[in-house]
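Let's explore a protein together, one question at a time. Have a look at the picture, then read on.

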Amino acid sequence: MHAGPGHLLFVEPTGDWPSQMTLANGEMEEVARLTADREVSEHTVVVSPDRQTFAVGSRTTAYLVSIESSRISVLFEPDPDARNVRMWIDTKWKGPTVHVVFSHVVGTKEEARQHVSDHFFNWEGEPVLRPACPSGGAPSTGWAVGSAWTSPDGRYVAWLDGGPAFTKYVGFARLDDPWPSLVIADAATCVPLFRVRSARTGELWWNAEWLATSEGIVVGTHDGYVIVRIRPEPEIVPFLRGGGTWGAWQTGPQPAPTGDGRYFGYDCNVYDAFEGRWVLPSDAIEDDDHGRGRVPESGGGSPCWWGDSHRERWSVAGEGWGEGWVEWLLLPPKIEFPPFSEEIAFRVARTSDCLHLRSEPDTDGEILDCLRDGARVVFVQREYPEGTVKSSYYPASVHPSIGLDERRVRSAPVWVYVRTEDGVEGWVSHDYLEHD
């Protein structure tokens, strides 16, 4: 089941094909009943920027569903000679094009090899050239390599470099850089404009979303959510505190289709960013220990989506999955301008005395040094110990330079392996670092 522009597209997987889809209007009246010749997944549905067309994916075929004509048409289907076909619509590539990823076996039985290809279409179903600016990395929870978020006006592209510290049942952790960065680039030239260190772009049911005005994109940070504004100049605007980075029912804040970036939906609640208060429902607001508003707990349940305007939120019931877990390693976010440094450096901060540099990622480890606030340290990429099983199911193997509590206790300390300016290497607590 998927919510669209004042319409709902009900996908009815049958376990076989054909599949049935029902298009309903805002009054929940059936507009059309559609049949796809293959099984359709309810999790591979994307809505066009003008909110008038659905792109729907099955294992072997991609479709377009027109709201205006209430018709379904084939967007892409593979060569009939292709074997072991697998296809998906990249739900994280949003903008003027539809990104279809096609995996299949080519060659004779003796020479068979797996081949993955990208195909791009406009929302009229016509093939178009690959966008000038594919992403530098894939979002953590996506299958497709090269995912990106294109602004509604087509002027900017955002992508994620780096990945989460730990994932379970949802993709695999990126091991190159455990501090993810959101990169904002010019869509026409792919030249980066700036990046934001420690910005997360996904949970389990949520991905970064552009404001309808294309002036900024909503991302997660270490203590909530911010708007990364591009115009009139790059700026990080905090607007919603709280909210977890893990949990199977989280949907994250969604900018309203109207309201000029003022209203945001979180689950079935609506937040007014101009006034800093919850407006729907009226009893949604909660306070933290310092009297600041924070996101109400989801409590588990069905996700909600925008209707035609910022005045309505729809609850959409659908199949969920359990035990999902995505955990990001984040510090207070920071804007950086090109040329970007490949070095990951920090400054010690917020200590009452100094920060202990230890021989092991444990408070019982030998103290090698005590670093005062302002001391600069550099992240050291260590090698995996021999025999380590590299899998996202094993927290200990997330990254050899990150010390995580194997019990996966959220309040447990996180340790980082660094080198001081004097050349001494050791472990420090993540809680007392900020990006240099």
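**The disulfide and its surroundings**

In this predicted model, a disulfide joins Cys 354 to Cys 370, with an S to S distance of 1.6 Å.

Q: How many disulfides does a search of the whole structure find?
A: Two cysteine sulfur atoms count as a disulfide when they lie within 2.5 Å. The sulfurs of Cys 354 and Cys 370 are 1.6 Å apart. Searching the whole structure gives a total of 1 disulfide.

Q: Where in the chain is Cys 370, the partner of Cys 354?
A: The pair links distant parts of the chain, 16 residues apart. Cys 354 sits in the loop between strand 31 (345-348) and strand 32 (355-358). Its partner Cys 370 belongs to strand 33 (residues 367-371).

Q: Is Cys 354 buried or exposed?
A: The cut-off for buried is under 20% relative accessible area. Cys 354 has 18%, so this residue is buried.

Q: What does Cys 370 count as, at 30% relative accessibility?
A: Buried needs a value under 20%, and exposed needs one over 50%. The 30% of Cys 370 lies in between, so Cys 370 counts as partly exposed.

Q: How many strands are there in the protein?
A: Now for the whole chain, which has 436 residues, 51% of them counted as buried. The protein has 0 helices, and its strands number 38.

How values were computed. Residues are numbered from 1 along each chain as its sequence is written. This is a predicted model: local features need pLDDT of at least 70, side-chain atom pairs count only at pLDDT 80 or more; totals for chains, interfaces and linings use all residues. Side-chain values use heavy atoms; hydrogens and water are left out. Helices (H or I, at least four residues) and strands (E, at least two) are DSSP runs, numbered from the N terminus. Buried means under 20% relative accessible area, exposed over 50%, partly exposed in between (1.4 Å probe, protein chains only).
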